[in-house]
Amino acid sequence: MKNHNFISAALFAGIMAILSQFAFPIGAVPITLQSFVCALAGGVLGKKWGAISIGLWLILGMIGIPVLTMGKAGIGIFLSPVGGYYLGFVLMALISGFRSEENVNIFCYIGFAILGLISCYALGTIWFMGYFQYGLGKDMPLWTALTMTVFPFVVFDLIKVTLGVLSGVRIRRALIQAGFRPTTH
């Protein structure tokens with residue numbers, strides 16, 4: 001049974017790699033479908049394997065395979081101002097996958113997806129501010145960081161994570177009905 005978990009994680013890493021290439025730059029951080037895939041992975045694979053799938057995508061990018069946003073790759077992206085958002089995607093998939101194994105109220109799924117998004121925003125914003133403060137020796141106030149990296153994306157991201165986790169949970173249920181049982185361990 002464990003092999004299907006690895007295969008599923010690799011499949012979602014591949015989905016993330018493909019959808020990461022569709023980016024619309026509007027500022028310091030482009031609009032992408034990455035938050036959708038994080039929520040989708042959490043919804044289908046659950047918290048553990050959803051996070052592993054996004055972590056695998058990051059590892060592929062880190063070792064030089066051009067799978068990150070707009071074909072970027074290498075360790076340098078994690079040392080850039082947006083490195084925290086990349087790491088935050090793992091948190092987003094993890095938190096979006098909470099309760100995906102259970103049949104709970106739809107608002108519970110959406111709530112966890114939004115909590116995952118908030119966690120990604122928090123880690124990414126702290127990283128962004130730290131990059132300027134400690135990497136460049138320049139002050140980056142919280143409001144300025146949020147204005148540059150969060151506020152322009154909130155509406156789009158809320159829609160994407162909601163659709164992602166709802167689609168993921170529906171796919172998970174369909175897989176279970178078809179006899180395929182995604183496991184969480």
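Student: Why is Tyr86 called buried?
Tutor: This is a predicted model. In it Tyr86 has a relative accessible area of 5%. Buried means under 20%, so Tyr86 is buried.

Student: What makes Phe89 buried or exposed?
Tutor: The relative accessible area of Phe89 is 9%. That value is also under 20%, so Phe89 counts as buried.

Student: Where do Tyr86 and Phe89 lie?
Tutor: Both are in helix α3, residues 83-96, and they are three residues apart, about one turn of the helix. An α-helix has 3.6 residues a turn, so residues three or four places apart point the same way.

Student: How many aromatic pairs are there?
Tutor: The count is nine, taking rings whose centres lie within 6.5 Å.

Student: Why is the pair of Tyr86 and Phe89 called edge-to-face?
Tutor: Their ring centres are 6.1 Å apart, and their planes stand at 85°. Planes over 60 degrees apart count as edge-to-face, so that is the name for this pair. Ring pairs also link Tyr86 and Phe89 with Trp57 and Phe78 into a cluster.

Student: What makes Tyr131 and Phe132 an aromatic pair, and of which kind?
Tutor: The centres of Tyr131 and Phe132 are 5.8 Å apart, with 80° between the planes. The limits are within 6.5 Å for a pair and over 60 degrees for edge-to-face, so Tyr131 and Phe132 form an edge-to-face pair.

Student: Are Tyr131 and Phe132 buried, partly exposed or exposed?
Tutor: Tyr131 has 26% relative accessibility. Phe132, with a relative accessible area of 18%, is buried.

Student: What is said of the cover of α2, and of Gly64 just after it?
Tutor: α2 is mostly covered, with 21 of its 29 residues buried.

Student: Why does Ser8 count as buried?
Tutor: Ser8, in helix α1 (residues 2-19), has 13% relative accessibility. This is under 20%, so Ser8 is buried. Not counting residues up to four places away in sequence, Ser8 touches Leu45 and Phe180.

Key
Residues are numbered from 1 along each chain as its sequence is written. This is a predicted model: local features need pLDDT of at least 70, side-chain atom pairs count only at pLDDT 80 or more; totals for chains, interfaces and linings use all residues. Side-chain values use heavy atoms; hydrogens and water are left out. Rings of Phe, Tyr and Trp (its six-membered ring) pair if their centres lie within 6.5 Å; planes under 30 degrees apart count as stacked, over 60 as edge-to-face and the rest as tilted. Helices (H or I, at least four residues) and strands (E, at least two) are DSSP runs, numbered from the N terminus. Buried means under 20% relative accessible area, exposed over 50%, partly exposed in between (1.4 Å probe, protein chains only). Contact means heavy atoms within 4.5 Å.
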